Amino acid sequence: MNCVPRCVRSALLIGQIVCLTVPTTTISETAPLIAPEVRQLVGVSSARVIVELRLDQSGDPNQRPEAIARAQDALLSRLPYSHISVARRYTSVPLLALEIDGTALAALEAMPDLVVSVKPDRRSKTQ
Amino acid sequence: MRRPGRSAVYLAFFALLLLLLALPRATPRAADSPGSLVPLEVRNQALQEGSGRVIVELRLPGGPHAPEGLFSAAQAGAQQSDIATVQRLVLSRLAGTSHRLLRQYRTVALLALEIGPDAIAELEASSFWVKRVIPDVVKAPTLPQSVPLIGADQAWTRGFDGTGAVVAIIDTGVQSSHPFLAGKVVEEACFSSTVTGHSVTLCPNGQDQQIGTGSGVNCPLSDCWHGTHVAGTAAGNGAGAGVSFSGVAKGAQLMSVQVFSKFTTASDCGGTAPCVLAYTSDIIAGLEQVYSLRATRNFASANLSLGGGLSTTPCDEPEKSIIDNLRSVGIATTVAAGNGGATNALSSPACISSAISVGATTKSDLVASFSNVADFMSLFAPGESITSSTVGGGFAVASGTSMAAPHVAGAWAILKQAASTGTVDQILSALQSTGLPITDTRPGGSATRPRIRVADALSALTPTPVLTVTPESVVAGGTVTATWSGIPAPTPGDWIGLYVPGSGNTTYLAWIRVSCSQSPGAASAAGSCSFTIPSGLAPGSYELRLYANDTYTRLATSATFTVTGSAGATLSVSPTSVAAGGTVTATWSGIPAPTPGDWIGLYAPGSGNTAYLAWIRVSCSQSPAAASAAGSCPFTIPSGLAPGSYELRLYANDTYTRLATSNPFDVTR
């Protein structure tokens with residue numbers, strides 16, 4: 001029974017340490033999903049891709065277009081300028097259509113805080 | 001582009017040709033078992049009727065026929081020359097047999113013939129240049145069939161044809177000047193990318209993006225008829241085009257978004273170049289343009305008759321986020337399931353869970369042979385042999401899930417008109433719960449999904465208007481109570497008419513608006529009015545009908561009710577004999593709706609209502625005074641009246657609507 005106050009103190013201390021080491025951001029930063037097809041394509045030449053950006057979903061929905069634009073700008077500012085070209089920007093969905101090479105893909109892959117996935121910009125035909 | 005080995009093929013072909021021409025006629029080669037070319041139904045028809053109509057598909061020496069749009073002018077000319085040569089050869093083989101040339105085509109390797117049994121035998125022996133023989137079946141244009149099949153015409157008669165709604169067509173562009181689409185295209189945009197070494201933009205301004213009038217025009221390549229066809233199926237209107245059929249939502253407007261680019265290499269095209277393909281990034285931009293206009297246009301749906309790949313499970317493609325955005329504001333994205341014939345997979349983006357994926361059925365409600373199907377597919381719609389508008393101002397028949405998807409896009413416009421606040425979930429649920437279950441019976445198939453029935457979905461989404469009348473029997477001139485409810489989009493112009501059952505909509509006998517008078521008042525989805533039955537109405541069975549907004553669009557019909565003669569009105573005269581110039585007393589009672597204009601006339605029995613000999617109003621003079629349901633008046637018989645039998649008649653309100661006839665009386669000298 002003597003152990004109780006000491007155990008409680010220990011638990012609180014461990015909890016405090018855990019809380020201090022967990023990042024304060026609410027966004028989980030898992031590694032970007034890179035479609036195998038994209039790796040193949042950039043291994044040969046440049047490729048058109050669609051990059052899905054990570055947004056804080058808890059933000060104000062009315063501020064979403066601004067949040068999307070900020071995320072797009074942040075991503076573009078961290079990419080090697082000469083290895084990408086922007087195909088399309090979007091205002092209502094957190095996407096960017098880019099043409100990238102292997103260097104740019106490596107840079108994207110190193111941005112788990114901003115990039116959810118990189119998928120090929122596929123081509124559809126009439127049905 | 002050169003067709004490979006052309007000279008060598010020619011030499012071999014003509015050498016063999018000479019050999020074959022030397023063979024005895026109608027001698028089947030070993031490989032040609034009788035019946036392998038000519039279908040049994042044609043044989044039977046020829047035996048029973050002496051001849052049958054067929055389409056003969058020919059083999060060309062340079063290889064299978066290819067669409068001319070893929071050729072240079074010289075290559076197209078070479079193919080036409082091949083076609084003409086083989087046509088001549090086949091016709092020369094048929095010389096001396098019972099046959100008649102119906103049509104000879106210049107750009108396709110076909111001949112239309114009427115053939116007898118001996119000509120059938122000759123064709124059977126000609127498999128070197130005859131690929132197959134197909135019955136020349138009569139095909140009615142299928143848009144006129146598919147629109148009634150899904151019940152869209154029933155929705156029209158209930159007042160819902162998509163008016164006020166906009167369908168966005170994300171495709172190869174739309175010829176907005178086509179008579180079937182005249183005045184319908186209200187928004188246009190183009191997103192088409194130039195990518196060095198791969199693709200060239202097809203936006204009219206030569207840039208990767210163009211917004212505004214003219215930007216959504218059909219692109220200029222051979223495949224670019226597609227968007228105009230799809231648009232016609234969704235919202236074409238035959239009234240301005242001189243055709244008897246229309247698209248599903250004939251009252252809807254369109255937005256044309258051109259998203260295809262010209263691809264210039266065979267490797268990109270998976271075959272012959274050039275071709276048109278659409279980048280996902282451009283499709284997303286097109287859908288985002290629709291989303292950006294949501295506040296200014298009442299979009300019901302955005303249609304994607306395009307796709308690629310196959311997915312056996314719901315997929316998470318990049319288009320999902322914009323499709324989700326559209327869905328969140330009540331706009332459905334209808335997507336073709338794809339034409340791979342898969343029984344457990346859909347193309348992308350149809351595989352996206354928030355898209356409305358659409359497979360194709362035949363007019364017989366079978367799964368079309370080419371349609372992808374999966375158990376997570378949303379809906380079926382007709383997609384085989386659909387006649388719709390094509391570039392150049394005409395009409396063309398096409399098959400594909402591309403043709404099925406706009407049936408659903410148009411249906412959405414109809415349902416959105418009726419249920420303007422309906423969510424995508426609600427409308428999809430209505431379409432799925434009321435659809436006709438279609439099971440995929442193709443080899444490997446098992447999925448059962450609903451084929452849309454628009455009128456039933458409309459009923460499920462909107463309360464059905466109801467009109468009742470009480471009592472069930474009324475005297476002419478009396479009143480009934482008309483009670484209505486469930487008008488889906490009430491207007492001050494909604495009106496109620498009195499009709500003979502089975503009569504046309506324009507033959508009303510009396511009418512009031514839902515304001516309970518003939519003046520417009522407030523709109524009312526439900527209410528009741530007193531309805532006066534005209535006093536002169538012939539006894540019989542009648543009904544009330546509820547019509548929408550000063551039109552003849554009938555919303556509801558009451559049960560029938562009986563109008564009896566003006567039983568309460570009686571007229572008697574006394575005495576029963578009077579000298580000309582004398583006076584009788586006319587006594588009446590029971591006028592159901594008395595007016596100061598009610599009047600009494602002197603008549604020869606059997607004469608017409610207008611042939612009165614003298615008259616007074618119920619005021620006892622020719623001047624109008626107070627109305628009186630009952631009363632009596634002295635009636636002076638004209639002094640010069642010829643002796644004989646006469647009668648008095650009571651008429652309503654200065655009309656010739658007879659309320660009663662007296663007993664006869666004699667006039668003497």
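Let me begin with one residue, Val51(A), which, once residues up to four places away in sequence are set aside, touches Leu75(A), Leu95(A), Leu96(A), Leu98(A), Leu108(A), Val115(A) and Val118(A). Before I go on, please keep in mind that this is a predicted model.

Val51(A) belongs to the largest nonpolar core, which has 138 residues, and it is listed among those with the most contacts inside that core, together with Val167(B), Ile169(B), Ala411(B), Ile414(B) and Leu415(B). The largest share of this core, 11 residues, is supplied by helix H11 of chain B, which covers residues 401-418. Apart from this core lies another one, of 26 residues, and among its members are Ala482(B), Tyr547(B), Ala548(B) and Leu555(B). As a general remark, nonpolar side chains in soluble globular proteins tend to be buried together.

Let me turn to chain B as a whole, which has 13 helices and 39 strands. Of its 669 residues, 47% count as buried, and if we take the contacts in chain B with a separation of 6 or more, 70% of them are between residues 24 or more positions apart.

Now to where the two chains meet. The contact takes 30 residues from chain B and 20 residues from chain A. On the chain B side, strand E11 (275-279), helix H9, strand E13 (306-311), helix H10 (320-328) and helix H11 each supply at least two residues. Which of the elements gives the most to the side of chain B that touches chain A? That is H9(B), with 7 residues. Sorted by kind, the residues on this side of chain B divide into 12 nonpolar, 16 polar and 2 charged.

My next example is a strand, E33 of chain B, residues 583-589, whose covered face holds Val584(B), Ala586(B) and Trp588(B), while the uncovered face holds Thr583(B), Thr585(B), Thr587(B) and Ser589(B). In a regular strand, the side chains alternate between the two faces of the sheet. E33(B) is joined by 5 bridges to strand E31(B), residues 570-574, in an antiparallel arrangement, and E33(B) also pairs in the antiparallel sense with strand E36(B), residues 631-636, over 6 bridges. Thr587(B) takes part in both pairings, being the bridge partner of Ser572(B) and standing opposite Ser632(B) in E36(B).

I will finish with Ser485(B), which is found in strand E24 of chain B, residues 479-485. Why does Ser485(B) count as partly exposed? There are 17 other C-beta atoms within 10 Å of its own, and because being buried takes 20 or more and being exposed takes 12 or fewer, this residue falls in between. Leaving aside neighbours within four places in sequence, Ser485(B) is in contact with Val466(B), Ala525(B) and Ala526(B). Of these, Ala525(B) is 40 residues from Ser485(B) in sequence, and yet their C-alpha atoms are 5.7 Å apart in space.

Note on methods: Residues numbered from 1 in each chain as written. Chains lettered and ligands numbered in written order. Predicted model: local features only at pLDDT ≥ 70, side-chain atom pairs only at ≥ 80, totals over all residues. Core = buried A, V, L, I, M, F, W, Y, C linked by C-beta atoms within 7 Å. Helix = DSSP H or I, 4+ residues; strand = E, 2+ residues; numbered from the N terminus. Contact = placed C-beta atoms within 7 Å. Nonpolar A, V, L, I, M, F, W, Y, C, P; charged D, E, K, R; others polar. Pairing = 2+ DSSP bridges.
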